[in-house]
Amino acid sequence: MLDIRVVRDNLDNVIGKLNTRGGDYSYLKETVLKDDKRRELIKEVELLKNTRNVKSKEIGELAKAKKPIEKEREEVKEITERIKVLDEQIAKLEAEINKDLANTPNIPLGDVPIGLDENDNKELYKWGIPRSFDFRVRDHVEIGEKLGILNFERATKIAGPRFVIDIGLGAKLERSIIQFMMDLHSEDHGYTEIIPPYIVNSDSMFATGQFPKFKEDAFNVGDPNLGWYLNPTAEVPTINMYRDEILNGNDLTISYVAFTTAFRSEAGSAGKDTRGIMRQHQFNKVELIKFTKPEDSFKEHEKMLKDAERVLQLLQLPYRVIVLSTGDMGFSMAKTYDIEVWIPSERRYREIASISNAMDYQARRGNIRFKRDKDSKTEYVHTLNGSGLAVGRTMIAIIENYQKEDGTIEVPTALVPYMLQTVIK
């Protein structure tokens, strides 16, 4: 959530930057007027409370002197009633201000490309050379079904479209990818492993920016009164580990690598990537999360990008890195890099990871703060998250880039110690 003071003190600049995200945020002018009124009422309440204290002291002195106090008591009663009315007005204004800010996205950083959508994203560099095939390239669906390692028909029977069953070496491949990623990030990159709950509450969804804006995308589960939702990404439960807490500044940066199964309704994606496992309702994901001091978040963002890239480098999968335009970034993010892996059947790069810096936006929503020492004031941490990587899309890339003419799949060298074989057939 944005700091209302930043919005108020830089109103035109903030609205201008937010409007590059493709919306109209001029309503923040009204939000600032509400905040001005709120501050005026707070000052009035403070004056009234001071007056009430003086009057109460007078009543005590008059009573001690055995003089009449009815007039003064009536005045105190009127002041108290006035304070109650003003407090209600302040609470109403605060609720309206918070609602406005809760529905306002993060401010893009100055080096983010301005644009309306993905067509305005900027390619930064490429790694690896896409393989040239001397036979007909099959997609992962055809390969997986012929080998009997992916079954979409039975998954649809069980649950519906956008689900898959991994079978035999397909299940072993996905499990091996997960373990490879978790080992790499924990042992080589210094992240602490966690497996958080798959169910999160509405407060958690609000803190990371999924609610209220994208509530229709979430899967609500159990008793509606409990406010339980299936985790849409490990970012949600992991960042909320520290909601409403004050961290020790000496412990920052805190780095986690989280494995979860994630769930998304994919509202608004009808007709998009309906074939295969590119866009599923349920998918496995390894996620990188960092809590940093404000001055460290930029360098940690760059490090997180390199950590995610290392997965693809070790798997020898060609990819490119792009920086998202203002119109294509996630709601809570100030800057995002996407890593896109080469998909031979489509002859193009597809997203496999988003590496994002939310600055203090999520920390404000979740009230996650730190103190540099016992005598310092509290500050908001910066939160970062990135895919390390999306497991299903990594499977697609491996199946297609490592396919052989006879329909089998060569196992990447980095996964052989996990698969304990060199070919999937």
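Biologist: How many aromatic pairs does the structure hold?

Modeller: Ten aromatic pairs. Keep in mind that this is a predicted model. As for reading them, a pair of aromatic rings is described by the distance of the centres and the angle of the planes. Take Phe133 and Phe135: the ring centres are 5.5 Å apart and the planes stand at 85°, so we call this pair edge-to-face. Planes over 60 degrees apart get that label.

Biologist: Is Phe135 buried or exposed?

Modeller: Buried, since its relative accessible area is 13% and the label applies under 20%.

Biologist: How are the rings of Phe211 and Tyr229 arranged?

Modeller: With 4.8 Å between the centres and 85° between the planes, Phe211 and Tyr229 are an edge-to-face pair. The pair links distant parts of the chain, 18 residues apart. Phe211 is in the loop between α8 (202-208) and β6 (220-221), while Tyr229 belongs to strand β7 (residues 228-230). Both residues are buried.

Biologist: Which residues do ring pairs link into a cluster?

Modeller: Phe214, Phe331 and Tyr361.

Biologist: Now charges and rings. Which ring does the charged end of Lys215 sit over?

Modeller: That of Phe211, at 5.4 Å from the ring centre.

Biologist: On to salt bridges. How many are there by the rule used here?

Modeller: The count is 31. The rule asks for a side-chain nitrogen of Lys or Arg within 4 Å of a carboxyl oxygen of Asp or Glu. Arg138 and Glu142 form one of them, with the closest N and O atoms 4.0 Å apart.

Biologist: Why is Arg138 called buried?

Modeller: Because its relative accessible area is 15%. Then look at Glu287 and Lys285, whose side chains meet at 3.2 Å, N to O. Glu287 is buried at 1% relative accessibility, and Lys285 is buried at 9%.

Biologist: And what about Arg364 and Asp360?

Modeller: They make a salt bridge too, at 3.2 Å from N to O. Here Asp360 is partly exposed, with 24% relative accessibility. You'll also find a network of salt bridges that links Arg8, Asp9, Asp35, Asp36, Arg38, Arg39 and Glu94.

Biologist: Last topic, helices. At what angle do α2 and α3 pack?

Modeller: The general idea first: two packed helices are described by the angle between their axes and the distance between the axes. For α2 (residues 11-19) and α3 (residues 28-64), the angle is about 145° and the axes are 10 Å apart. The crossing is right-handed. Leu11, Val14, Ile15 and Leu18 of α2 make the contact with Leu28, Lys29 and Val32 of α3.

Biologist: How many helices and strands does the protein chain have?

Modeller: There are 13 helices and 18 strands. The C-alpha atoms fill a box of roughly 105 × 45 × 45 Å along the principal axes. Of the 425 residues in the chain, 52% are buried. And if you take contacts between residues at least 6 apart in sequence, 73% join residues at least 24 apart.

Conventions. Residues numbered from 1 in each chain as written. Predicted model: local features only at pLDDT ≥ 70, side-chain atom pairs only at ≥ 80, totals over all residues. Heavy atoms only, no water. Phe/Tyr/Trp six-rings, centres within 6.5 Å; stacked < 30°, edge-to-face > 60°. Buried < 20%, exposed > 50% of the residue type's maximum accessible area, 1.4 Å probe, protein only. Helix = DSSP H or I, 4+ residues; strand = E, 2+ residues; numbered from the N terminus. Lys NZ or Arg CZ within 6 Å of the ring centre and 35° of its normal. Axes fitted to C-alpha atoms, helices over the stretch in contact; angles between N-to-C directions. Left-handed = near helix turned anticlockwise from the far one by under 90°. Contact = heavy atoms within 4.5 Å.
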